[in-house]
Amino acid sequence: MKISFKDLDPRIITDFVEEKDGVIYATCHLRNKMPVCPCCNKKATTHSYFTHTFYDLPIQNKPVLISLTKRKYLCRNKNCDCKIFSDKTDFISPKGRKTKRLIKNIVALTKDMNSVQTSKNLKELGIIAKKSAICNYLKKNENNHSWFITSWNFVHRWFCQKEKT
């Protein structure tokens, strides 16, 4: 099976993909030829490697679990504040378990139903998300937050006007 994750990040190189027990497992790494320190912009050297494992959008209603090998770098500038830093990825938070685009789809599916129904529907689509995780995504979602503040302000104004009369 050949799958590319270039739409997540063009630096991703797919090493190995296999399907096992209804889950698609992908092993990938990031291509970074010239690492530069984010603080002082000087050349850095590879310090070590670590693996970040997370879920992405399902393929053919099967969950996709990606193991991405990232590097930690060592800044050689003795005066720099950033001694050790790692590869940055925009598509997932540093310790995230789901990509941002997967979370965005989960939140979009939640708009017309409760989190229990959403969890069941997501499972049929090959997305693993528990009720509590869905609630957390909704709390963190900016659109829902601004809707909540707007609604609260409306109710607050209505209540204050009611007290005055």
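**Exercise 1: the second largest pocket**

Work out how much space lies in the second largest pocket of this predicted model, and which kinds of residue line it.

*Solution.* Start with the volume: the second largest pocket holds about 160 Å³ of space. Next, list the lining: Phe 50, Lys 70, Ser 86, Asp 87, Lys 88, Thr 89, Asp 90, Ile 92, Ser 93 and Pro 94. Now sort these residues by type, and you get four charged, three polar and three nonpolar.

**Exercise 2: two packed helices**

Decide whether helix 1 and helix 3 are roughly parallel, roughly antiparallel, roughly perpendicular or oblique to each other, then find the residues where they meet.

*Solution.* Two packed helices are described by the angle between their axes and the distance between the axes. Here, helix 1 (residues 100-110) packs against helix 3 (residues 131-140) at about 95°, and the axes lie 10 Å apart. Angles from 65 to 115 degrees count as roughly perpendicular, so helix 1 and helix 3 are roughly perpendicular to each other. For the contact, helix 1 brings Ile 103, Ile 106, Val 107 and Thr 110, while helix 3 brings Ile 134, Tyr 137 and Leu 138. Sort them and you'll find six nonpolar, one polar and no charged residues.

**Exercise 3: the disulfide**

Find how many disulfides there are, and say which parts of the chain the pair links.

*Solution.* The cut-off to apply is sulfur atoms within 2.5 Å. Cys 39 and Cys 82 have their sulfur atoms 1.7 Å apart, and they form a disulfide. The count comes to one. Now place the two ends: Cys 39 sits in the loop between strand 2 (23-30) and strand 3 (44-59), and Cys 82 in the loop between strand 4 (62-75) and strand 5 (84-86). With 43 residues separating them, the pair links distant parts of the chain.

**Exercise 4: the cavity**

Describe the largest cavity by its volume and its lining.

*Solution.* Searching the whole structure turns up one cavity of 30 Å³ or more. The largest cavity has a volume of about 30 Å³. Its lining is made up of Tyr 55, Asp 56, Pro 63, Val 64, Lys 98, Leu 102, Gly 126, Ile 127 and Ile 128. Strand 3 and strand 4 each give at least two of the lining residues. By type, the lining splits into six nonpolar, two charged and one polar.

Methods: Residues are numbered from 1 along each chain as its sequence is written. This is a predicted model: local features need pLDDT of at least 70, side-chain atom pairs count only at pLDDT 80 or more; totals for chains, interfaces and linings use all residues. Side-chain values use heavy atoms; hydrogens and water are left out. On a 1 Å grid over the protein atoms alone, a cavity is a set of points where a 1.4 Å probe fits but cannot get out, and a pocket is an open set with protein on both sides within 12 Å along at least five of seven lines; lining residues have an atom within 4 Å of a point. Grid points are joined across faces, edges and corners, and a volume is the space filled by probe spheres set on the points. Ala, Val, Leu, Ile, Met, Phe, Trp, Tyr, Cys and Pro count as nonpolar, Asp, Glu, Lys and Arg as charged, and the others, Gly among them, as polar. Axes are lines fitted to C-alpha atoms, for helices over the stretch in contact, and angles run from 0 to 180 degrees between N-to-C directions. Helices (H or I, at least four residues) and strands (E, at least two) are DSSP runs, numbered from the N terminus. Angles under 35 degrees count as roughly parallel, over 145 as roughly antiparallel, 65 to 115 as roughly perpendicular and the rest as oblique. Contact means heavy atoms within 4.5 Å.
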